[in-house]
There are 2 protein chains.
Amino acid sequence: MSQLLTPLNTYACFNGTVSFYSHPSTTCKGEMKFTVYLPPRSQSEPLPVLYFLSGLTCTEENFMVKAGAQQFAAKNGVILVAPDTSPRGANIPGEEDDWDFGTGAGFYVDATQEPWRSHYQMYSYVTQELPAIIAAHFPVKIDRQGIFGHSMGGHGALVCALRNPEQYRSVSAFAPIVAPMRVPWGQKAFTNYLGADEETWRSYDASELVLTTQLKHSILIDQGTADTFLEKQLMPQVFEQACAKAGQPLTLRMQDGYDHSYYFISTFIEDHIRYHAEILWSE
Amino acid sequence: MSQLLTPLNTYACFNGTVSFYSHPSTTCKGEMKFTVYLPPRSQSEPLPVLYFLSGLTCTEENFMVKAGAQQFAAKNGVILVAPDTSPRGANIPGEEDDWDFGTGAGFYVDATQEPWRSHYQMYSYVTQELPAIIAAHFPVKIDRQGIFGHSMGGHGALVCALRNPEQYRSVSAFAPIVAPMRVPWGQKAFTNYLGADEETWRSYDASELVLTTQLKHSILIDQGTADTFLEKQLMPQVFEQACAKAGQPLTLRMQDGYDHSYYFISTFIEDHIRYHAEILWSE
């Protein structure tokens with residue numbers, strides 16, 4: 001496995017470092033970028049690692065520069081990793097045409113359809129190649145991994161956790177797409193990446209997956225009530241009903257007046273990191 | 001005085017609101033934008049107000065979305081206001097040519113030279129028109145104003161405070177340009193905005209101003225040691241020496257390994273807001 005990392009910029013932050021990296025991805029067949037926050041405690045001992053999956057149009061940078069997460073990662077002793085949201089520069093016709101599909105919108109699936117399948121393998125990248133690279137290069141407790149995300153990345157986090165309950169001990173999300181099969185963003189992405197057969201979509205739909213796999217710990221979701229995507233694209237009540245049916249513990253917090261932005265994420269990021277740290281540091 | 005405000009976006013944040021506004025500026029002869037963070041306490045009582053002046057290339061947005069300031073403004077009960085860094089769309093030839101001059105680079109001076117003087121009146125805008133608008137529209141304790149900023153905006157904050165010690169009770173800065181007369185950024189801006197006579201530059205140079213006006217409270221400055229602009233553009237030691245000569249109390253903290261970015265600002269924003277709040281809430 002190629003694990004060559006090219007260090008890009010590094011910034012001191014809350015006595016630790018935010019670092020940008022690029023590497024040749026065997027999964028996505030091209031250069032991929034990610035960011036890592038190493039809190040000060042990582043200089044003296046391995047720490048749990050918490051992956052953040054970003055939403056549509058984001059890169060590996062947005063979360064690190066807007067969420068205000070580092071102070072709480074430092075306080076709680078967890079390493080943060082934020083990958084990019086898709087391959088870039090794959091030279092696939094149409095990849096730059098839409099803001100909600102293609103570049104910046106990998107949807108954390110392994111595409112099976114042409115012309116996407118050669119590069120758009122974000123599910124395998126996030127769950128396999130990236131964790132192997134992180135384990136090889138950073139002082140992480142590899143058996144202590146959590147995952148969270150926002151919007152499309154909240155969908156990604158839920159799917160990664162529900163399909164790999166042994167790998168991810170904790171999962172949470174901000175304003176996630178919980179039922180991609182039922183909403184326009186998901187239907188557009190799945191049709192193009194996975195094809196017309198909706199049966200193949202189920203393995204990337206959290207509200208379907210939770211019916212067959214439950215997680216040990218309660219899932220934490222924050223959702224703003226003033227989010228303009230709430231009714232059409234997010235539909236947290238679908239996941240809430242599926243969790244209730246399946247017996248999956250869920251803490252769904254409807255946050256009055258909050259929207260879909262990083263102003264919302266930054267307000268509740270402390271709660272999420274503390275939630276993950278409590279699970280990742282226990283047992 | 002025209003005080004017509006056009007509300008743009010509003011975002012819930014830490015139980016308060018981040019709001020963007022546009023208004024016709026009589027000082028800058030065109031539309032100007034600013035952002036306001038109202039913490040939850042502002043719903044029940046007037047609060048002190050703290051102005052943040054941003055650096056080169058920034059708009060009224062950067063500070064609000066990257067500094068992580070809102071949580072500490074909420075905690076300490078201060079209103080935050082961040083203006084844009086220059087007039088925009090003034091249609092002055094060359095205004096868009098340089099990243100360090102013209103649009104996004106007003107340098108918080110009142111230009112006296114053609115073609116800039118008709119619009120580029122950022123000193124008067126920040127110290128007079130903007131505070132009047134804020135006082136007219138928001139629940140501020142108008143006799144409790146503080147000011148801080150970053151880089152070019154650190155220069156602006158120091159100059160505004162030193163020239164108006166009765167107006168601003170507290171002043172601090174992140175990586176400020178403290179001696180603009182001696183550095184390339186300042187020399188370029190002052191030559192174009194103020195003309196070739198360097199005598200006219202002194203009233204916009206903190207290291208000159210502090211020799212004749214001292215402030216009651218200690219000035220707080222944080223400066224990263226890994227800041228690539230440190231030696232050529234920032235030169236905090238010049239201000240340190242001037243303060244020592246003048247008897248002005250100064251807390252200059254050289255922060256090991258930090259650079260010029262918002263990762264640096266976010267790390268120390270809590271200290272700055274607490275510093276201002278202690279002064280603004282005292283007496």
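1. Chain A superposes on chain B by a rotation of 180 degrees with 0.0 Å of shift along the axis, at an RMSD of 0.0 Å. The two copies are thus related as by a two-fold rotation axis. The model is predicted, and the relation between the chains should be read as a feature of that prediction.

2. Which residue of chain A comes closest to the rotation axis? A:K66 does, with its C-alpha at 2.5 Å. As for the contact between the copies, the same surface serves both: 100% of the contact residues of chain A recur in chain B.

3. A search of the whole structure returns one cavity of 30 Å³ or more. The largest cavity holds about 220 Å³ of space. Its lining consists of 25 residues, and those closest to the centre are A:K66, A:G68, B:K66, B:A67 and B:G68.

4. The lining draws on both chains. In chain A, α1 (62-66), α2 (70-76) and α9 (262-280) each supply at least two residues of it, and so do α1 (62-66), α2 (70-76) and α9 (262-280) of chain B. Which element gives the most to the lining? It is α9(B), with four residues. By class, the lining has 15 nonpolar, eight polar and two charged residues.

5. Chain A contains an open sheet of nine strands with mixed pairing, in the order β1-β2-β3-β5-β4-β6-β7-β8-β9. At its edges stand β1 (6-13) and β9 (250-255) of chain A; each has a single partner strand, so one side of each is left without a neighbour in the sheet. On average, neighbouring strands of this sheet are turned by 20 degrees against each other, direction ignored.

6. Within the sheet, β2 (residues 16-25) and β3 (residues 30-38) of chain A pair in the antiparallel sense over nine bridges. In this part of the sheet, A:V18 stands opposite A:Y37 in β3(A).

7. Two helices are of interest for the packing on the sheet. Helix α8 (residues 236-246) of chain A lies across β8 (219-224) and β9 of chain A, and runs at about 155 degrees to β9(A). From the other chain, α9(B) packs on the sheet, where it touches β1 and β2 of chain A, and its direction makes about 25 degrees with that of β1(A). Helix α9(B) is also the element that gives the most to the lining of the largest cavity.

Technical notes:
Residues are numbered from 1 along each chain as its sequence is written. Chains are lettered from A and ligands numbered from 1 in the order in which they are written. This is a predicted model: local features need pLDDT of at least 70, side-chain atom pairs count only at pLDDT 80 or more; totals for chains, interfaces and linings use all residues. Side-chain values use heavy atoms; hydrogens and water are left out. On a 1 Å grid over the protein atoms alone, a cavity is a set of points where a 1.4 Å probe fits but cannot get out, and a pocket is an open set with protein on both sides within 12 Å along at least five of seven lines; lining residues have an atom within 4 Å of a point. Grid points are joined across faces, edges and corners, and a volume is the space filled by probe spheres set on the points. Ala, Val, Leu, Ile, Met, Phe, Trp, Tyr, Cys and Pro count as nonpolar, Asp, Glu, Lys and Arg as charged, and the others, Gly among them, as polar. Copies are superposed by least squares on the C-alpha atoms of residues with pLDDT of at least 70 in both. Contact means heavy atoms within 4.5 Å. Two strands pair if DSSP finds at least two bridges between them. Axes are lines fitted to C-alpha atoms, for helices over the stretch in contact, and angles run from 0 to 180 degrees between N-to-C directions.
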